Amino acid sequence: MLEVVDLSKHFKNKKAVKGVNLYLEKGETVGLLGPNGAGKSTTISLISSLINPTSGDVRLKNESIVKKPEKIRNILGVVPQDIALYMDLTAEENLKFFGRIHRMKKKELQSKVDEILEIIGLTERKKELVKTFSGGMKRRLNIGVALLHEPELIIMDEPTVGIDPQSRNYILETVKRLNTEKNITVLYTSHYMEEVEYLCDRIYIMDHGEVIAAGTKEEIKSILSAEQSIAMRVDILKGEYLQLLQALPNVKSISVQDPAITLIVPKKVNILKDLFKLAEETKTNIISVHIETPTLEDVFLHLTGRQLRD
Amino acid sequence: MIAQLIKKELLMVWRRPRELVILLFMPFVLITILGAALGSIIDGEAPDLNIKLAVIQKDDIEGGEGKIIDKVESLPISPEEKTAAIEGIKSFNPLGILLEDVFASKEFKDIIQVIELEDEPSAKEALKYSGVLEIPAGFTEQFYLHSFFNVKEVPSLNLKLNESSALEGSVLKDVFSSFQEEISLWSTLPSLGVDPETIQNSLSSKVGNTETVTKRKPINAVTYYAIGMCVMFMFYVAGNAAALALEEKENQIYGRILLANIPIPIFFVGIFVSTIVVAFMQMNILFGMSALIHGVRWPNVFDYFVVTFLLSVMVGGFAVFISAINYRSNSRSATQVFSSFLIPIIAFIGGSFIPVSQIGGIFEEISQYSPGGAGISAYYKIMQGYALSDISSQLLSVSITTVLLLFLAFLIQPRRGESI
C-alpha cells in the first residue's frame, strides 16, 4: 500500500532522516520505535506529505506523493503527538470543524460525528469544552478527529503519552478494533514497548535518523536468540561492582535502572558464579536474579545502547 | 471553508475572557476615564483662572473725541461728508470696546477682574495683579488722527505682565494682541470704504469667542477618546488573531488543516477574513455602547460603516502579516513586538491619547497618514459632518497600507512542504 524509498531529510545543520526504507501492507499495524530524537516524527511528517524530503520518495499504491500530496491526504488520518485540538471548543464542535474542512456534507457529518463520539467514548461529554477534559479524554478526541473522514491509513505519533493506564488501555483497544474491524492500516510510534508488542505485526526500529532493525516481533527478538537476559536486583548499587560486571568477557550489554541491572549474555554460558563472586568482593547484596529470554526492550537496548524512554 | 474558520475564530474569542477584556472592556473603561479626566483639554474648557488687571486710565476719551469732531467740522468738505465722518467716529470707540465689550463680555467677566487705579502702583503693589494696563493720555485722539487724518504715529497701550503668573499673563497677552491686531486693521478700513460699524459688531465677538477653524461641529472629549481608543484597540484584534494562529501551528492544528488539503493561502485568507469580522464587530459593539452610555452618535451611519469596514480590512492585513512572520520565524516575537510596542506607538502617532493638532508640524502630517492616524482622522471628520469625499486621502492611505501588508504577507508566508 505504502512504500518509503531511501527517504532523507536534511535541515540546516542536521540530518534528521537518513535513507529510510519501509513499507506498509493494507490492513497491517506497523510499529515505529526509537528513542527521542531518532527521527520518527520527521519520518511521519515526510510520509504524511507535510514536509518535502531532501531526497527519496514516498509511494502510495505505486504513485509518488511527493509531487501529488493530495493522493495520500485524502486517505490519511494523522494523530499528532500534541493535542491538535481547539481547547475552547467543545468535543462536538472540534469534530464538526475538522469534518467540515475535510469537505464533509452537513448531513453525513452529524451522523459521522455521533459515530466517532461513540467509538472514542465521549458521547456523554460532547457538549463540554475540551479544556475541561482529562489528558486521556483529550487523547481520545485527538484520535477521533483523525478518524472522521474514514481514512484507509492512520498514522499515530505516540498517542498515549502522558495519560493514565485506563485511558491508555481504552486507546489501545480502540486502535486494535479499528484495525481488525475496519481494516485500517496503522503506523504506530510509541515509547512503550508493550504497546508495540500488543498492537503491531511488524516493527521498525530507528536511531539517529536511520532504520537499524526491521521485521516481525519474532524476527526482531531473534536478533538476540543466541543470548539470554539476566535481570538482577541489588540493595545498593556500587560503581565498583558495575565496572567489574562490564569487564566480564561474556557480557554483551548492560543496562542499569537502579537498583535493577540487566545483562545480555550468550546462552549456555554460566555467568551466575561470576556475578555472586564479584558481589562478595565488592560487598554488594544481590536480592534477586532472573534468567529470561530477551524481550523487544532488550533488543532495543542492544541495538541502540539506550532505553526506549531515554 | 472560510465560514468554518470564521465561526471557529468567533467562538474562540467569545470563550476567552482575557481576549474579551482586552478587546471590549478595556477600551470602554479608558474611554470613560480619559473622557472625564482629560475632557477640559479636548473641550477647550477654561482652566480655573482669576486674572486681576489693573487699569490706569490717563486718557480723556470724550475730550479726544470732541477734538477730532471739531477738526472734522473745520475741514473744507460737504456737510454730508462731515456728518458721515462724525458718525463713523462716534460709532467706533476703541477703549470702549476693550473695557466694556471685551472685558465685560460673558466669556471674560468671570475670569478677568478689572481694577481701576488712579496712579501707577509701586513694584511691590504691582505683584498683586496679573497685569497692569496703562492707557496713555491722548490715546483716543491719537487713534482717530491715525485712522482719519493719516498721521503716521500709531497709538499704543502699555501692558506690563506679572511674570510670576505666567498662565494669566499669557491669557492677557493673547487678548491684547488680538485686540491690537483688530484695531490696526480697523484703522486702515475707512480709506478702503468699508463700513466701520459692521467691523465693530464682529470685533468684540471675535476677541471673546472660540471657533473651530473649519466652522464644523467641534468634538467633545468623550467622542475624541471613543474614537481614539476604539482605533487603538482595534489593532489588538490583529495581535490576538496572530497569536491564535501561532497556537494552531504549535499545537499541530495547522498541520491537521493542511492534511485536509487546505492550501496554505486559504488558511491565511481564513485568518484575514475572520480578523475583519471580529474587528468590525468589535467596533460596532464599542461604538454602540458609546452611543448608549456616552451619547457618541454618528451624523452619517453609512459613512461610519465605510470607514469601519476599511479599517477592519487593514487590521486583517496586519493579522495576516504578523502571522506570516510568526509562521516563518517559528516564534511569537512578532506578535509580542506588535502588541507591546507597535500598537502603543501607532496609537500615539495616530492621536489616540492626545490630539496631534496640539503638536502640529510634520508630526501632524505624518499622523494623518499613519495606520492609526488615518483612521482616527477619518472618524473625526465624519463626526464633524464631512463627506466621504473629504476623507478620501485617509481612506486611500488605509487601503494602501492594507495592500502593502497583504503583499508582504504573501511573500513571507510558508511554502508547501516547508518545515511545519
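Two residues are in contact if their C-beta atoms, placed from the backbone, lie within 7 Å. The legends describe a predicted model, in which local features need pLDDT of at least 70 and side-chain atom pairs count only at pLDDT 80 or more, while totals for chains, interfaces and linings use all residues. Residues are numbered from 1 along each chain as its sequence is written, and chains are lettered from A and ligands numbered from 1 in the order in which they are written.

**View 1. The contact between chain A and chain B.** Chain A contributes 22 residues to the contact, and chain B contributes 22 residues. On the side of chain B that touches chain A, H1 and helix H12 (253-259) of chain B each supply at least two residues; helices (H or I, at least four residues) and strands (E, at least two) are DSSP runs, numbered from the N terminus. H12(B) gives the largest share of this side, six residues. By class, this side of chain B holds 10 nonpolar, seven polar and five charged residues. Ala, Val, Leu, Ile, Met, Phe, Trp, Tyr, Cys and Pro count as nonpolar, Asp, Glu, Lys and Arg as charged, and the others, Gly among them, as polar.

**View 2. Helix H3 of chain A and helix H1 of chain B.** The axes of H3(A) (residues 91-101) and H1(B) (residues 2-14) come within 10 Å and cross at roughly 155°. Axes are lines fitted to C-alpha atoms, for helices over the stretch in contact, and angles run from 0 to 180 degrees between N-to-C directions. H3(A) and H1(B) are therefore roughly antiparallel to each other, a term for angles over 145 degrees. The contact involves A:Glu93, A:Phe97, A:Arg100 and A:Ile101 of H3(A), together with B:Gln4, B:Lys8 and B:Leu11 of H1(B). These residues divide into three nonpolar, one polar and three charged.

View 3. A:Pro53 lies in the loop between helix H1 (40-47) and strand E4 (55-60) of chain A. A:Pro53 is buried, because 24 other C-beta atoms lie within 10 Å (buried: 20 or more other C-beta atoms within 10 Å of its own, with C-beta atoms placed from the backbone). A:Leu7 is 46 residues away from A:Pro53 in sequence, yet their C-alpha atoms are 6.6 Å apart.

**View 4. An open sheet in chain A.** Four strands of chain A form an open sheet in the order E12-E13-E11-E14, with antiparallel pairing; two strands pair if DSSP finds at least two bridges between them. Seven bridges join E11 (residues 227-234) to E13 (residues 260-266) of chain A.

Key: Parallel < 35°, antiparallel > 145°, perpendicular 65-115°, else oblique. Buried ≥ 20, exposed ≤ 12 C-beta atoms within 10 Å, placed from the backbone.
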